[in-house]
Amino acid sequence: MLEEKGSKIFGAYLDRTIRVVRLDLIRRFKEVGADITPEQWIILSSLSEQDGQSQSELANGSFKNAPTVSRIIDLLCDKGLTVRKRFGNEKRRKKILLTEKGKTTIKQVLPVVISARKQGWEGLSDQDYEDFIRIINTIFKNIGGE
């Protein structure tokens, strides 16, 4: 890889880590018979914390754009894990709700996610985690994230 003097290569390391974490979660989900992706898990997890969020709230909370979240919700609805319901009399705005199947899937998958997180963070301290979050947030802001 090309490295300019004084610059730090970090994108490839981020991509590599994201890829291996994603593949590990996919494998773990399959092992417990859960038909979801890591991206779908992010939305399900957010709904388990606060059910009935709007699509835009889910997009903001997951750091994904609205069209991507819309596609994920479509898939979750197709799988019977979530449903869309109107916000009162509003015709366009909908809240996303977990179904019983969605709640069961969360209970099925949560131990797997916790195990994966523990394995990934093995040998690292709470201070390492705080440093990691600080560093990744600084890079995000430096590149133009808000």
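Helices are DSSP runs of H or I with at least four residues, strands are DSSP runs of E with at least two, and both are numbered from the N terminus. The model is predicted, with local features requiring pLDDT of at least 70 and side-chain atom pairs counting only at pLDDT 80 or more, while totals for chains, interfaces and linings use all residues. Residues are numbered from 1 along each chain as its sequence is written, and side-chain values use heavy atoms, with hydrogens and water left out.

**View 1. The whole chain, with its elements in order.** Six helices and three strands make up the secondary structure of the chain, and from the N terminus on they follow one another as α-α-β-α-α-β-β-α-α. The C-alpha trace spans about 60 × 35 × 30 Å along its principal axes. Of the 146 residues in the chain, 25% are buried, a term that stands for under 20% relative accessible area, with exposed meaning over 50% and partly exposed the range in between (1.4 Å probe, protein chains only). Among the contacts (heavy atoms within 4.5 Å) with a separation of 6 or more, 48% join residues 24 or more positions apart.

**View 2**

View 3. Three strands, in the order β1-β3-β2, form an open sheet with antiparallel pairing, where two strands pair if DSSP finds at least two bridges between them. Its edge strands are β1 (53-54) and β2 (82-86), each of which pairs on one side only. Helix α4 (residues 66-78) packs on the sheet and touches both β2 and β3, and its direction makes about 110° with that of β2; such angles run from 0 to 180 degrees between N-to-C directions, along axes fitted to C-alpha atoms, for helices over the stretch in contact.

View 4. With β1, strand β3 (residues 94-98) pairs in the antiparallel sense over two bridges, and Ser54 stands opposite Lys95 in β3. The antiparallel pairing of β2 and β3 extends over five bridges, and here Arg84 is the residue that stands opposite Ile96 in β3.

View 5. Arg28 lies in helix α1 and counts as buried because its relative accessibility is 9%. Apart from neighbours within four places in sequence, Arg28 is in contact with Val112, Ser115, Ala116 and Gln119; the C-alpha atoms of Arg28 and Val112 are separated by 6.5 Å, although these residues are 84 residues apart along the chain. Lys30 is also placed in helix α1, but Lys30 is exposed because its relative accessible area is 65%. From Lys30 to Ser54, 24 residues apart in sequence, the C-alpha to C-alpha distance is 29 Å.

**View 6. Asp35 in the loop between α1 and α2.** The loop between α1 (11-31) and α2 (38-49) holds Asp35, which counts as exposed because its relative accessibility is 56%. When residues up to four places away in sequence are not counted, Asp35 touches Gln40 and Lys79. Asp35 and Gly52 are 17 residues apart in sequence, and 22 Å separates them from C-alpha to C-alpha.

**View 7. Phe63 in the loop between α3 and α4.** Phe63 is found in the loop that runs between α3 (55-62) and α4, and it is exposed because its relative accessible area is 78%. The phi of Phe63 is near 60°, a positive value in a residue other than glycine. Most residues other than glycine have a negative phi.
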